[in-house]
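My entries are below the display.

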Amino acid sequence: MRGRPATVPWGQVVRFTVVGGINTVTFYACYLPLHRLLPYFAAYTAAFVLSLVGSFLLNTYFTYRTRPTWKKFLLFPLTQVTNYAVQSAGLVVLVSWLGMSSTVAPLVAALLAIPATFVVSRRILRPPARRTAAGGSTVPADPAEGTDPADGEDPADRSDPADRADRADQSGASPPVRSSEPA
């Protein structure tokens, strides 16, 4: 039996887009001067690496409203492999195959990478709930994280069906009767 479809965390999507815009401006501000000194792909790679740290901090504090940790910091560049691969492939295709200007192509490639980057970044910076040893209840993988109502995410969605049934019991709703004996 399928569960309720996951809701889109619109607050996070909007914040991710804002951070992406800031990160793109930061990247481009690094790329243009480096492009004068280096071949376009080397300039692109250097600018990408320089903007990565700012992206991590903005995404942890602003987009996902979680605390940065060394573990997340070390994993974040690994998740950016998807972003880098999509943008790099897009850059080469746009410049080498389609003849687009190497000063504009990084911006177009960045736009093409947004959906994949959001999914991967959210998975690393805001991992799904994990089961605790006591009582079988679930908690966020990072206990310091809260749930932002603007994200469209219901904390009850982060738990298993048994926990939701327990909450229904506490709310006064009568649960279905389950018995192994015939009625």
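Entry 1, ground rules. I am working with a predicted model, in which local features need pLDDT of at least 70 and side-chain atom pairs count only at pLDDT 80 or more, while totals for chains, interfaces and linings use all residues. Residues are numbered from 1 along each chain as its sequence is written, and side-chain values use heavy atoms, with hydrogens and water left out.

I looked up pLDDT (the predictor's confidence in each residue, from 0 to 100). Its mean over the chain is 76, and 67% of the residues reach 70 or more. Residues 154-181 have a pLDDT below 50, and this stretch has 25 contacts in the model beyond near neighbours in sequence. Contact here means heavy atoms within 4.5 Å.

I found five helices and two strands, in the order α-α-α-α-β-β-α along the sequence. Helices (H or I, at least four residues) and strands (E, at least two) are DSSP runs, numbered from the N terminus. Of the contacts with a separation of 6 or more, 62% join residues 24 or more positions apart. Of the 183 residues, 31% are buried; buried is under 20% relative accessible area, exposed over 50%, and partly exposed in between (1.4 Å probe, protein chains only).

I compared the length of helix 1 (residues 10-37) with expectation: at 1.5 Å a residue its 28 residues should span 40 Å, and the end C-alpha atoms are 40 Å apart, which agrees. The expected span is 1.5 Å times one less than the number of residues. Buried residues of helix 1 include Phe16, Val19, Asn23 and Phe27. The buried residues of this helix pack against helix 2 and helix 4 (105-125).

I read off axes that come within 10 Å and cross at roughly 145° for helix 2 (residues 40-63) and helix 3 (residues 70-97). The axes are lines fitted to C-alpha atoms over the stretch in contact, with angles from 0 to 180 degrees between N-to-C directions.

Which residues does asparagine 23 contact, leaving aside its neighbours within four places in sequence? I found Ser51 and Ser55. Asparagine 23 lies in helix 1 and counts as buried because its relative accessibility is 19%. Arginine 65 is in the loop between helix 2 and helix 3. Arginine 65 has a positive phi of about 50° although it is not a glycine. At 42% relative accessibility, arginine 65 counts as partly exposed.
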